[in-house]
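This report describes one structure in plain terms. Please look at the sequence and the model first, then read on.

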Amino acid sequence: MTSLHPGLRAAAESVLLIVMTFVVTGVLFALFVAAAGAPPSGVFYDIYLGAFGSWFSWQNTLTRAAPFMLAALCTALPARLGLLVIGNEGALVIGGVAAAAAGIVLNGVAPLAVQIGMFAAAGIAGGLWIAGALALRHYRGVNETISTLLLNYLAIALLLWLVGGPLHDPASLNKPSTPSIGSANMLGDIPGMSVHWGLVYGVVACALLFGLFRYTTFGFAARIIGGNVRAAQLNGLAVARITLTVGFLAGAAAGVAGMVEVAAVHGRANESLVAGYGYVGILVAFLARQNLAMIVPVAILLGGIEASGGLLQRHFELPDATTTVLQGTLFILLLAGESLRGRIFPIRVVERS
Amino acid sequence: MEHAADLGWWGVPLALLAGAIRSSTPFLFVSLGECLTEKSGRINLGLEGTLVMGAMTAYAISFVTGSPWLGVIGAAGVGLIMGAVHGFICGLPRVNHIAVGIALMILGVGLAFFLGKPLIQPSAAQLPGISLGAWSDSRAVQAALNVNALFVIGVILAFVMAWVFRSTRIGLAIRTVGDSRDAARAVGLDVKRIRLLTTAAGGALAGIGGSFLSLYYPGSWNEGLSSGQGLMAVALVIFARWDPIKCLYASLLFGGAGALGPALQSVGVSTGYYLFNAAPYLLTLMVMVASSSRDRALAGAPGDLSINASS
């Protein structure tokens, strides 16, 4: 193995690590469902069927994957700067509320204008939300992981206050909500399939941001900041501007995920926005190893796992939480597997005498 | 607080006191657990999963055996195992502590919902309360001062933990490991082992916090049982400046803030109380902004803690 090119060796190792992670996860999950009284082979077959087995399940999978892609960007973009943001849920919620508010204010204008307004409001609100946390990090040294965690709670409290007070629709009794944005203003489905436009938003956002970080001087500067902030400052890079821009883009992506939930799924903002998509987004970002191009397939994979939950429930009477157990196991083994990196094909130092 | 309504506005402070005592116990245990873990330089963001698993385990054991105290012990055991898993994985090289915490949170919540599915209907034996308000004729006062033994244990534990950190060999070892890995190694302390033990013990405390939720207040098992007390532990410990006794005060404050909404509602103030519920997070954020600096570690934090900008 020592004759292998170092780049190739690293790539082979990555592939092997991913395969090992999935195999070990599969074995543990098989033991788990067997202990719960379900046949593992049947469960795996159902996960495949429910996720990718038919055009119907593909559509279900892709619909679920859309918010995951956008939410994952909220962690993956700041990771370029070496920062760990976990405020995906909060930015998503704030974006959803802003989109609903914009939809209500603009009601009566042409649907396309309303949709653009909702998109802009969600992006700006989510963007400022996370950019604010990174500003605190840059100017005051406030840890961005903890501050964005706290911001999640503030966002949820703001949502509950707004839907119960200033933006309350008196007709929504059991579940306080904003008024509806109007069915004409809803994001429809992509022509030819029953998957809403959120999927296109997610794929396009990942592609554009991948290009931005891969092929522009901005992306190069961000990489240098991620490598060494002091070196970046000494080289005269606009660290503050780049940090805040990355924060804004990250938050905007999650905010748009909230807009998609409001404008394509619920039609109004309410507690349903707090569905844990933000936390799945963190998992997607880590599983994609913070690689923007990998977010799309990983989000589809996790969307598929979630989509198969219904089938598992019907066939084997396994609870909803089965897919959560699978996700959690996968996440933990993936992180633990990182410790094997560099050990599978170690570089051997040959001593010459 | 149904009784608070008869007292009019006077019911608000009483309901706050009652709420603070009643809702603070889970906060107290998770924050003491997190404090212990963070003192040794690790951060465990997965206590939410531990808390929910603890709640489910305690309820299941209490239902099967009829003894709520066995349930509490079982919850502590499950918490110990989950903490040890976190401690072990974080002991491996190149592993992101924060991400492991989030992963364990997802797994713990998932496992608890999976295994707890059959427990939603049946009712398990509950922990008894201790009535400290028998001197009063007012039912509202009696209800407010009906405290749980776990609360008393938690209060004692806070003082014991503060004493351990301040005046014992073990406490000194934990603080040394938390402040500087290198200094700890230089004096011959096993950094990995101490961190593994503090994370495991911290998990056990979080598990006990969970048992309070299912066995006393709210006192049943369902999927909406936890309102994020486990995730809040990290905020609470920062708010309490890594001091177990301040964790007690912070828990009372966070618990009281949660009770403010329903208390105000009972006297007719119905809007805006979600903002009061969020006040502790805003306060914590403000404390962080005030005490952080670009040039040095967060004031009062263990030097080797991974949330410091310098590490």
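This is a predicted model: local features need pLDDT of at least 70, side-chain atom pairs count only at pLDDT 80 or more; totals for chains, interfaces and linings use all residues.

## Fold of chain A

Chain A contains 14 helices and zero strands. Read from the N terminus, its elements therefore follow the order α-α-α-α-α-α-α-α-α-α-α-α-α-α. The radius of gyration of chain A is 22 Å, close to the 20 Å that the globule rule gives for 353 residues, so chain A is as compact as a globular protein of that length.

The C-alpha trace of chain A spans about 85 × 60 × 35 Å along its principal axes. Of the 353 residues in chain A, 52% are buried. Take the contacts in chain A between residues at least 6 apart in sequence: 76% of these join residues at least 24 apart.

## Domains of chain A

Chain A is divided into two parts: domain 1 covers 1-38 + 324-353, and domain 2 covers 66-273. Domain 1 of chain A is thus written as two stretches of sequence, 1-38 and 324-353. Between the C-alpha centres of domain 1 and domain 2 of chain A the distance is 33 Å.

## Where the chains meet

How many residues of chain B are in contact with chain A? There are 41 of them, and they touch 38 residues of chain A. On the chain B side, α4, α10 and α12 (273-291) each supply at least two residues. The largest share comes from α4(B), with 13 residues.

Sorted by class, the side of chain B that touches chain A has 30 nonpolar, eight polar and three charged residues.

## Backbone details

In Glu317(A), phi is about 55°. Glu317(A) sits in the loop between α13 (309-316) and α14 (321-337) of chain A. Is Glu317(A) buried or exposed? Glu317(A) is exposed, because 11 other C-beta atoms lie within 10 Å and the cut-off for an exposed residue is 12 or fewer.

In Arg94(B), phi is near 60°, again a positive value in a residue other than glycine. Arg94(B) is placed in the loop between α3 (68-91) and α4 (97-116) of chain B. With 10 C-beta neighbours inside 10 Å, Arg94(B) also counts as exposed.

Chain B has a cis peptide bond as well, which joins Tyr217(B) and Pro218(B) with omega about 0°. Pro218(B) is found in the loop between α9 (191-215) and α10 (229-239) of chain B.

Technical notes:
Residues are numbered from 1 along each chain as its sequence is written. Chains are lettered from A and ligands numbered from 1 in the order in which they are written. Helices (H or I, at least four residues) and strands (E, at least two) are DSSP runs, numbered from the N terminus. A residue is buried if 20 or more other C-beta atoms lie within 10 Å of its own, exposed if 12 or fewer, and partly exposed in between; C-beta atoms are placed from the backbone. Two residues are in contact if their C-beta atoms, placed from the backbone, lie within 7 Å. Ala, Val, Leu, Ile, Met, Phe, Trp, Tyr, Cys and Pro count as nonpolar, Asp, Glu, Lys and Arg as charged, and the others, Gly among them, as polar. The radius of gyration is taken over C-alpha atoms; the globule rule is 2.2 Å times the number of residues to the power 0.38.
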